[in-house]
Amino acid sequence: MQTKDINENIAWAQINADVLRSMESPRMGYWIAVAACLAMVACAVVAEIYQYQIGMGVGNLNWPHMWDIYIATFVFWIGMSHSGTLLSAILHIIHADWRKPIYRFAEAMTTFSLMTAGLFPIIHLGRVWNMYWVLPYVSDRGIWPNYRSPLVWDAFAITTYLTSSALFLFIGMIPDLAICRDNARGWRQKLYTVLSMGWQGDDRQWRNFRKIYLLMACFLIPLAVSVHSIVSADFAMSIMPGWHITSFPPYFVAGALYSGCAAIITLFIILRYFFRFDEYMTIPILEKTCKLTFAIAMVWSYLTLIEFASVWYGHDLVAKESLMERFVGPYSPFFWLMLFCGIICPFALAIEKMRRHLPTMFVVSLLLNLGMWLERWMIVTPTLATSHYPFAWDVMWPGMVQWAIVFGSFGWFGLLFLIFVKVFPSVSMYEVKEMVFHRRHAHRPDLAAKFHRRSSDQQPGDTASGQPRPEGA
Amino acid sequence: MSLKNVLENWSDYRKGHEQGGHHDYEHMWVMAVDLDKCTGCNACSVACYAENNLAVVGKERMMKGQGMHWLRVERYWDEPQIGGDDGQFQSAGGSFLPMMCQHCNAATCEPVCPVAATYHTPDGLNAQVYNRCIGSRYCSNNCPYRLRYFNFFSYYEESWPEPLNQQLNPDLSVRDKGVMEKCTFCVQRIRTAKDTARREGRAVQDGDAVTACAQTCPTQAIVFGDMLDKESRVSKIWAKQQVELGKTKQVKANPELRGYRILEGLNTDPCIMYLDRVREV
């Protein structure tokens with residue numbers, strides 16, 4: 001049974017070769033995946049054009065169901081984006097070096113899921129062409145957006161988060177892009193030359209790089225927490241029973257980390273299988289990710305139960321009725337499925353045999369994310385179905401146009417991700433080398449002493465200033 | 001937009017046109033609806049459709065919940081399955097509740113609009129600026145009464161085919177798809193009344209501005225007027241019922257008084273008072 005996170009005898013040239021191989025000319029299966037994603041996006045584009053021409057009513061939206069799965073999916077994608085920040089920023093700061101082979105694609109996932117999420121508030125607007133009105137541009141008429149509205153906070157939070165996470169992804173990739181530059185020909189060489197920004201791998205560059213990377217990591221963590229708190233404010237700041245719940249911000253953040261971690265497991269298995277990254281994305285690392293996911297799942301489950309308890313003991317009759325309606329009302333099958341996927345399924349992660357079995361983990365991670373999508377739907381829709389005013393109670397099922405756009409968003413995300421894995425290294429070469437280096441010298445104190453010349457460099461995981469430069473960088 | 005203008009007058013543009021601090025209301029338009037007088041004839045709703053260019057969406061869309069009735073007359077039957085056990089009322093038919101925008105003074109729809117398309121006017125009205133609305137529909141989600149209606153489709157061609165478009169009210173616009181709309185207390189009539197009064201050099205008197213529903217009601221169940229005018233009909237009715245604006249819970253000397261406001265406990269401070277139906281015992 002494999003117990004080591006990574007094989008410490010792996011040659012550095014081998015690491016470069018393995019990762020660069022994954023970016024080489026794609027096989028047939030890749031093009032089929034791209035075609036499938038394009039077809040999904042085409043579905044969404046057709047639906048959106050239709051909706052744009054005819055009006056928002058085509059998706060079956062009605063009074064009082066003004067919001068539906070567009071907003072639920074928006075929250076879902078924002079949630080997915082939290083995994084990258086967790087893996088790369090939080091685990092970076094706490095020196096958990098097992099993150100190193102898998103954080104790159106998680107960061108890419110952050111950026112791409114934000115790019116997907118950002119589309120939904122735009123798609124759901126009645127007058128899309130005026131969407132820039134929520135931005136505080138200087139207008140001759142002296143009109144500003146309404147700063148009291150959570151939707152304006154959303155616009156700020158998401159654009160800030162998207163910019164920062166894209167920057168973080170890019171900065172972390174610079175040393176790797178230099179390796180790519182040195183090994184590429186043609187258009188790739190031109191692209192990597194521009195993107196690697198003259199990286200030579202000298203001491204000054206590494207020192208500045210470490211500083212800015214740490215700085216960005218510290219900047220991103222509070223940002224990630226605030227972004228999903230603000231998204232939860234869309235609901236928590238309203239007066240509606242079932243939305244107006246104080247515990248929503250931590251609940252949403254926990255849910256975000258949860259679905260993000262589950263998505264990391266899914267993509268981990270896919271990448272490991274198709275790119276044969278068995279040496280880097282090892283079973284012990286998957287196990288650690290699963291344990292982390294399990295811990296977050298338990299936090300989320302606790303907060304879910306807390307939400308029920310606080311509504312129940314709060315004795316607000318309307319909120320109580322709205323809650324009971326979720327348990328026994330028309331949406332209850334989905335609600336129970338959500339509870340099953342979100343609370344029961346993660347226990348599979350606690351069993352070692354299942355954790356080490358890839359097909360099981362693949363299915364479980366998809367189930368977890370299904371549960372998290374249902375959770376968002378079960379927040380948005382049943383509340384609108386049962387509100388303060390009984391005359392306006394109504395059950396509505398989303399129409400084909402809405403489903404098509406939600407379906408297409410997965411294709412859009414997949415497309416971005418597929419392009420990413422072929423253009424950029426989806427495993428961080430320099431950090432894997434670092435990890436191998438530290439693991440190798442953990443058992444060789446004489447060598448460690450030789451390289452860690454200064455006392456401040458003693459901690460493992462810290463920057464080893466005397467470290468030999470990775471080949472090609 | 002001229003950048004020069006903006007830069008030169010930056011201190012004005014920085015905050016927008018809205019001035020902070022306390023304002024005195026010029027008017028406070030309120031309503032009193034006597035449910036005992038209401039026969040459920042729907043004339044008010046029809047008048048509203050005619051006055052405010054409301055789109056007729058057709059039976060199918062109405063059933064789907066995509067109707068545009070700013071003033072809806074809700075029917076309640078004293079049904080046994082929902083706890084009503086009085087056979088007499090069941091046989092006597094339903095009770096009716098005309099619901100239009102409550103023009104809450106602490107309106108929940110106003111703070112959530114991202115572009116400030118809905119705001120409170122110095123007349124005490126909850127105004128909706130159609131041109132500014134981008135259709136995020138947050139206001140409707142946050143209205144506890146669900147009194148805001150969204151243009152899910154473009155209706156102007158289907159709803160008023162030639163020559164019906166000739167009967168549209170020229171005093172206000174026809175809304176296109178993607179815009180939220182709701183009862184305005186016939187703001188066009190209020191503007192006309194204020195303009196006329198100013199031209200004649202006098203204050204607006206009670207009865208100068210009257211909404212289409214109040215004008216049409218055959219039993220005069222709906223009374224509309226200015227709360228700040230202590231002599232107006234409507235403020236006398238409010239005073240008689242001992243219902244006051246700005247209170248979450250009314251203190252009444254006589255519990256028999258019928259006046260109440262809907263969902264008062266939410267502290268939305270609605271401007272419409274209903275008088276409870278009197279039921280024979």
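I start with a charge over a ring: A:Arg99 lies over the face of A:Tyr103, 4.5 Å from the ring centre. The rule here asks for NZ of Lys or CZ of Arg within 6 Å of the ring centre and within 35 degrees of the ring normal. Chain B has a case as well, with B:Arg175 over the face of B:Tyr130 at 5.2 Å from the ring centre.

Before going on, the conventions. This is a predicted model, in which local features need pLDDT of at least 70 and side-chain atom pairs count only at pLDDT 80 or more, while totals for chains, interfaces and linings use all residues. Residues are numbered from 1 along each chain as its sequence is written, chains are lettered from A and ligands numbered from 1 in the order in which they are written, and side-chain values use heavy atoms, with hydrogens and water left out.

Next, salt bridges. Over all chains there are 25 of them, each defined as a side-chain nitrogen of Lys or Arg within 4 Å of a carboxyl oxygen of Asp or Glu. One joins A:Asp176 to A:Arg104, at 3.2 Å from N to O. A:Asp176 is in helix 7 (residues 150-183) and A:Arg104 in helix 5 (residues 103-117) of chain A, so this pair ties together parts 72 residues apart in sequence. Helices here are DSSP runs of H or I with at least four residues, strands are runs of E with at least two, and both are numbered from the N terminus. Both A:Asp176 and A:Arg104 are buried; that means under 20% relative accessible area, with exposed over 50% and partly exposed in between, using a 1.4 Å probe and protein chains only.

In chain B, the side chains of B:Arg61 and B:Glu158 form a salt bridge at 3.6 Å, N to O. B:Arg61 belongs to helix 4 (residues 59-64) and B:Glu158 to helix 8 (residues 156-159) of chain B, so the parts being tied are 97 residues apart in sequence. B:Arg61 is partly exposed at 21% relative accessibility, and B:Glu158 is exposed at 54%. Back in chain A, a network of salt bridges links A:Lys100, A:Arg210 and A:Glu434.

Now the aromatics. The whole structure has 56 aromatic pairs over all chains. Rings of Phe, Tyr and Trp (its six-membered ring) pair if their centres lie within 6.5 Å; planes under 30 degrees apart are stacked, over 60 edge-to-face, and the rest tilted. A:Phe235 and A:Phe252 have ring centres 5.8 Å apart and planes at 40°, so the pair is tilted. Both A:Phe235 and A:Phe252 are buried. They also belong to a cluster linked by ring pairs, whose members include A:Trp67, A:Trp300 and B:Tyr138.
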